[in-house]
Amino acid sequence: MTLLQARGIVKSYGPTPALRGVTVELAEGEILAVTGPSGCGKSTLLHCLSGILRPDAGEVLYGGQRLGTRSEADRSRLRRTDFGVLFQFGQLVAELTAAENVALPLLLAGKGRREARTAALNWLERLEVADVADSRPGEMSGGQQQRCAAARALVTEPKVLFADEPTGALDALAGERLLGHLTRVAQEQRTSVVLVTHEASVAAYADREITLRDGASDPTGLGAYVPAGGRP
Amino acid sequence: MKPTALLRLALAGTRTDTLRVVLTAVSAALAALAVLAALTVLAIPVPAGFGPRDGSDAWADQYTSALLKEPGLRPGVAAGLLLLTIPVLALAGQCARLGAPSRDRRLAAIRLAGGTPRQAMTVAAAETGVASLLGTCAGLVVCLVGREVMHRPDAEGRIPLPTDVLPSVPALAAAVLGLPLLAALAAAVMLRRVIVTPLGVTRQARSKRSPRPWPAVLIVLGVGASLALEAIRKNYEDSGDPAFVSPLPLLLLFGGGLMAALGVVLGTGWISHATGRVLHRFARRPAPLLAARRLLADPWHGSRTLAALLVAVVFGAGALAVRAFFATMLEARQEVQRFYDEAAGQETTGGYGSDTFYLDAMDVVDTAVVVGLVIAAAGLLVTVAEAVVARRRSHAALAAAGVPRSVMGRALVWQTFAPLVPAVALAMTVGTLMGRGYFGAEVREGGGQAQTCDAAPALCEENFEKYSHLIEVPDVVRAVPVPLDDLALHGLGVLVLVAAATGLGLLFLRPGTSVEELRTG
């Protein structure tokens, strides 16, 4: 069943076009890799799909409803209920501890501090970083920071996880570990994942892959399925 | 979001954030002190049955200062104290820019985690509100303690300050709670041009058009209002026209002052742009060229950083013009008194020619101006330091490329002083014109007839009518001089203050140009 759908997405930054009519679908529980060279519009597509950016033309449908017609506040709420977002770096609040960072979406949703912390500790434990729960991001390694960020993206048990180059700042081992965690959680919770990457080894974790070039997807618009044996 | 979560997010921060919170709290404490002082002055009781404009029976003789004794003057004193909050609030506004990049990153991270734009703004406003609340509470404590410490009656039981009265509890609560609320609202308004997105913070682009000299219209209107006020006053003196007691003079006084000050502040944008163009045209050295480019790139930087200072300069120059008026008036009165005494065949008594009340009042105003200038200079120091810290990566890149630190320092000095000198000259001119406009450029005393008694004092006391006769008192007309010496001193003082603030701000340049900065972030 299609959970997220983008039709003919066009997005420009001033005179520079980033996306030229991209169409893509994401099924429930599916892991979709968006690949392509630098500057091809991968991140812009992820930002449009997650409601962070509004496309100039085309539409994004989530659960059959148009994202573009929702207010900024509504789309923000969606990010702490149905969507989780994981970037390459920079998404943790440097002044808060790991547990506070993970608890942040719950606190913003009005949950009590104790309840939010319990949930945060649970997720930190699942991602094997419970030992740094009371450390600040500056006191953690890059891999630990990314796993904390992943915990924060997953703490609300989202239906879709958007991951933009999640292993881009990590070494191979830490990257594999993080992707292992993400795919395991996605399978357990039936969470769909949009995985933006330029690395074939990362895209190999996906069920399906689409490649962007100069802001456009392949002509079928549906992408090519990765052979079942291709997934580790 | 629960209040505890809001508080935690609002108070999370680095050392720079802590400094911003502390400075905001200090500013709020100073503002609270000014407001509490004004409320205390207004709390001095007027005896039952007397209005604020009643005679000496209603005076509060327990005070040494005539400004506090006379009920009719107290609203003016309170208004003056409230005006002191303007530079203080401007200082708070400038403090709010400290460490803005790290706060903006934090707000963006909150947005990415699902925070709505309103929640991000609430977090930022809550930080200001909490810091201000701490400050106003501290201000209240200082006020209460200071009241006890300064309550020292002289031999006659008179006190210099109204330490014997206290504003009502609702008034105190309004000051202590109202100021933080205002500060939080101001912070929210200041953030209206800031769009916090999950991808970072962007500021809504201002118009790319160069600043235009249209603020000159505001200045002309402001000065015109002061001249109109003088015309109305003359009309009233000549014909007893009741227009003078209508709200019109007050409107002209405050509206005109506001327009002129706003004109000077906004005009500084045009001045910055114009000086940037001139510098760019004629400068040959790297430092002024760098400064010229920065002035052209952001001409409004000058009006933002110098706003409070320029308002204080306008007010100060106006006060000097008013002082010159009162000094001339005193001289004219002394001359009239001398004539009267000679006509009466008595030694010079002084009489109304020795009443220095207005000049004494101007001493208080001058003190307020100096306090305002110092606070504004402190705000400038914060801004310069913030500008240096915010540009540390580009400064470090310049240093790595071989640009000497002295060149960067000189560029900052050029950037500050090139628009400052003409802006201060404009502010002083406007202030002087307004001061002269409100009070006039001419003093007229004496005139008409007076009854004088030239008999022995005992006889005069016994039957004044019998031994007195009418004399013609000459018209003494004096032109009020433009206080050039005082104005020069005022301008020089401002430049010295700015030089000190800029010099202190430049101390941040050394750590800010460390090549290590290029490795951070």
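Author: Helices (H or I, at least four residues) and strands (E, at least two) are DSSP runs, numbered from the N terminus. This is a predicted model, in which local features need pLDDT of at least 70, side-chain atom pairs count only at pLDDT 80 or more, and totals for chains, interfaces and linings use all residues. Residues are numbered from 1 along each chain as its sequence is written, while chains are lettered from A and ligands numbered from 1 in the order in which they are written.

Reader: How many residues has H6(B), and what span does it reach?

Author: The expected span of a helix is 1.5 Å times one less than its number of residues. H6(B) has 13 residues and reaches 18 Å from its first C-alpha to its last, close to the 18 Å expected.

Reader: Which residues of H6(B) are buried?

Author: A residue is buried if 20 or more other C-beta atoms lie within 10 Å of its own, exposed if 12 or fewer, and partly exposed in between, with C-beta atoms placed from the backbone. The buried residues of H6(B) include B:Arg103, B:Arg106 and B:Arg111, along with B:Leu107 and B:Ile110.

Reader: How many residues of chain B are in contact with chain A?

Author: Two residues are in contact if their C-beta atoms, placed from the backbone, lie within 7 Å. By that rule 21 residues of chain B are in contact with 21 residues of chain A. Helices H1 (3–11), H6 (100–112) and H7 (117–149) of chain B each supply at least two residues of the side that touches chain A. H6(B) gives the most, with five residues. By class, this side of chain B has ten nonpolar, seven polar and four charged residues. Ala, Val, Leu, Ile, Met, Phe, Trp, Tyr, Cys and Pro count as nonpolar, Asp, Glu, Lys and Arg as charged, and the others, Gly among them, as polar.

Reader: How is a pair of packed helices described?

Author: Two packed helices are described by the angle between their axes and the distance between the axes. Axes are lines fitted to C-alpha atoms, for helices over the stretch in contact, and angles run from 0 to 180 degrees between N-to-C directions. Helix H10 (residues 248–282) and helix H11 (residues 286–297) of chain B pack at an angle of about 145°, with their axes 8 Å apart. The residues of this contact divide into seven nonpolar, five polar and one charged.

Reader: What is the order of strands in the open sheet of chain A?

Author: Two strands pair if DSSP finds at least two bridges between them. In chain A four strands form an open sheet in the order S2-S1-S4-S5, with antiparallel pairing. S2 (16–27) and S5 (65–66) of chain A stand at the edges, each with a single partner strand, so one side of each is left without a neighbour in the sheet. Strand S1 (residues 2–13) of chain A pairs with S2(A) over nine bridges, and A:Ser12 stands opposite A:Pro17 in S2(A).

Reader: Is strand S7(A) covered on one face or on both?

Author: In a regular strand the side chains alternate between the two faces of the sheet. Both faces of S7(A) are covered, with A:Val160, A:Phe162 and A:Asp164 buried on one side and A:Leu161 and A:Ala163 on the other. Five of the five residues of S7 (residues 160–164) of chain A are buried, so this strand is largely enclosed by the rest of the structure.
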